[in-house]
Amino acid sequence: MQQRKLGTSGIVTSAIGLGCMGMSEFYGESDDDASLRTLARAVELGVSLFDTADTYGFGRNESLLGRFIAEAGHSRREKMVLSTKFGIVRAEGQYERRIDNSSAYIRSACEDSLHRLGVERIDLYYCHRRDPAVPIEAMVSTLGDLVREGKIGAVGLSEVSVETLRRAHAVHPIAAVQSEYSLWSREPEQGMLDACAELGVAFVAYSPLGRAFLTGAMDVSQLASNDFRRINPRFVGDAAAKNQRLVVVVKSFRTFR
């Protein structure tokens, strides 16, 4: 599999990563055994970037990855680049959330994630969402300290503006920016991709297949009652019908070698 560098961090990872969120929440009922088999198959195929967050399943997604690593120990860990995130704070059983970018919270969240993952270092640590009340310079300074302390390998930002990226990068090198990017989410083309290229920052696209809609293999009517896509505007009503017509066009594409 093709490899990519995460900025100037020295971390190299597979071009295709595996987002693990749906293994623990949001996409219907979870099946840990099936998820563990999926993780193992991904490693076999050469995937090395595994993406999670402390808010996915209220920590259970990180614990699942920790279990996966523990099953095979160091030999498996050295094949994986672990990325997780902090900043979204939720109560068990509720979707309502608050954002916390304070230094004390970052340090506490980092320690909790290290414990759940069962590792000594998080390879790529993202700010999941920005709290504008906390200067980006102060937040990134704390993350820089965690890099120097060896608790994280590199700093990432999720869903930020070009201006925020530039201010952050001036304090400490940003290894990656993660944002939604697909055939129906093109916002990163409005300056972010150019800024990442200029600064030497990796761009990590999440939901590149439109949360499976763009594969053309998903029947929205068959989604579980607790699958959040049932209330996603793109998946319901007139929007779903119009988007389905786009999928027909996408499926007509052919790859030439």
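1. Helices (H or I, at least four residues) and strands (E, at least two residues) are DSSP runs, numbered from the N terminus. The structure is a predicted model, in which local features need pLDDT of at least 70 and side-chain atom pairs count only at pLDDT 80 or more, while totals for chains, interfaces and linings use all residues. Residues are numbered from 1 along each chain as its sequence is written, and side-chain values use heavy atoms, with hydrogens and water left out.

2. Phe26 is found in the loop between E3 and H1. Its phi is near 80 degrees, a positive value in a residue other than glycine. Phe26 counts as buried at 18% relative accessibility, where buried means under 20% relative accessible area, exposed over 50%, and partly exposed in between (1.4 Å probe, protein chains only).

3. Another residue with positive phi is Glu159, at about 55 degrees, although Glu159 is not a glycine. Glu159 is found in the loop between strand E9 (152-158) and helix H6 (162-171). With a relative accessible area of 33%, Glu159 is partly exposed.

4. Side chains of opposite charge can pair when their charged atoms come close. A salt bridge is here a side-chain nitrogen of Lys or Arg within 4 Å of a carboxyl oxygen of Asp or Glu. A search of the whole structure finds 19 salt bridges. The next points take up some of them.

5. Which residue forms a salt bridge with Glu25? The partner is Arg90, and the closest N and O atoms are 2.7 Å apart. This pair links distant parts of the chain, 65 residues apart: Glu25 is in the loop between strand E3 (17-19) and helix H1 (32-44), and Arg90 is in strand E6 (residues 88-90). Glu25 is buried, with a relative accessible area of 14%, and Arg90 counts as buried at 16% relative accessibility.

6. A salt bridge also forms between Arg77 and Asp123, with the closest N and O atoms 3.1 Å apart. Arg77 lies in helix H3 (residues 74-77) and Asp123 in strand E8 (residues 122-127), so the pair ties together parts that are 46 residues apart in sequence. Arg77 is buried, with a relative accessible area of 16%; Asp123 is buried too, with a relative accessible area of 6%.

7. Asp100 and Arg98 meet through their side chains in a salt bridge (3.3 Å, N to O). Elsewhere, salt bridges that share partners join Asp33, Arg67, Glu71 and Arg76 into one network.

8. Thr52 has its place in the loop between strand E4 (49-51) and helix H2 (60-72). With a relative accessible area of 1%, Thr52 is buried. The side chain of Thr52 makes a polar contact with the side chain of Asn61 (2.6 Å). A polar contact is a pair of N or O atoms within 3.5 Å; within protein, one must be able to donate a hydrogen and the other to accept it, and residues adjacent in sequence count only if both atoms are side-chain atoms. Not counting residues up to four places away in sequence, Thr52 touches Asn61, Glu62, Leu65, Ser83, Thr84 and Lys85, contact meaning heavy atoms within 4.5 Å.

9. How many disulfides does the structure hold? There are 0 disulfides, a disulfide being a pair of cysteine sulfur atoms within 2.5 Å. Cys110 is in no disulfide, and the nearest cysteine sulfur, that of Cys127, is 13 Å away. Seen from Cys127, the closest cysteine sulfur is in Cys110, and the 13 Å between them is too far for a bond. Cys110 counts as buried at 1% relative accessibility, and Cys127 is buried with a relative accessible area of 1%.

10. In a regular strand the side chains alternate between the two faces of the sheet. Strand E11 (residues 202-206) has a covered face, formed by Ala202, Val204 and Tyr206, and an uncovered one, formed by Phe203 and Ala205.

11. Strand E10 (residues 174-180) is joined to E11 by 5 bridges, and the two run parallel; strands pair if DSSP finds at least two bridges between them. The bridge partner of Glu180 in E11 is Tyr206. From E10 the chain crosses through helix H7 (residues 192-199) to E11, and this β-α-β crossover is right-handed. Right-handed means that, with the strands pointing away from the viewer, the path from the first strand over the helix to the second runs clockwise.
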